[in-house]
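Okay, everyone, let's get going.

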Amino acid sequence: VQLQASGGGLVQAGGSLRLSCAASGRTFSQYTMGWFRQARGKERESIALISWNRGATYYANSVKGRFAISRDSARNTVTLQMNRLKPEDTAVYYCAAGMRGGTSQDLYDYWGQGTQVTVSS
């Protein structure tokens, strides 16, 4: 079972990036999919989640209105569109999958390897 995250990079403040997470090895159609991030010296935090059944979404206040999460269950992929990026968005971004959902990373069973996002001022 693998989650492969991609799409990170270096962008100027105000720019956009699109992260993708491809799942393989099993179907994640009944899993909550989430994006977490960890900035240097800080704890990992959940920033965007999407449920498996009705596609309900959750966003951390810090990204609400700027980021959008979506999933394609048929293709086993989840994406995170990040707009109006800020230097404080700089972090390693991880995708994750969990049966129970929720904002705690302890609820997620599968993790991608992380992709670096750097936003310059």
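I'll go through a sheet, then one arginine, then the salt bridges. Keep in mind that this is a predicted model.

Strand 7 and strand 8, which covers residues 77-82, pair over six bridges, and Phe67 sits opposite Met82 in strand 8.

Now look at Arg37, which is in strand 4, residues 32-38. Buried or exposed, what would you say for Arg37? Well, it has 5% relative accessibility, so it counts as buried, because the cut-off for that is under 20%. Its side chain makes a polar contact with the side chain of Ser62 at 3.4 Å, and there's a salt bridge to Glu45, 2.9 Å from N to O. Glu45 itself is partly exposed, at 33%.

On to the salt bridges: the whole structure has four. Another one is Arg66 with Asp89, with the closest N and O atoms 2.7 Å apart. Arg66 is in the loop between strand 6 and strand 7, and Asp89 in the loop between strand 8 and strand 9, so this pair ties together parts 23 residues apart in sequence. Arg66 is buried at 6%, and so is Asp89, at 1%.

Then there's Asp72 with Arg75, at 3.7 Å. Asp72 is partly exposed at 29%, while Arg75 is exposed at 66%. And through shared partners, salt bridges join Arg37, Glu45, Arg66 and Asp89 into one network.

Methods:
Residues numbered from 1 in each chain as written. Predicted model: local features only at pLDDT ≥ 70, side-chain atom pairs only at ≥ 80, totals over all residues. Heavy atoms only, no water. Pairing = 2+ DSSP bridges. Helix = DSSP H or I, 4+ residues; strand = E, 2+ residues; numbered from the N terminus. Buried < 20%, exposed > 50% of the residue type's maximum accessible area, 1.4 Å probe, protein only. Polar contact = N/O pair within 3.5 Å; in protein donor to acceptor, adjacent residues only side chain to side chain. Salt bridge = Lys/Arg side-chain N within 4 Å of Asp/Glu carboxyl O.
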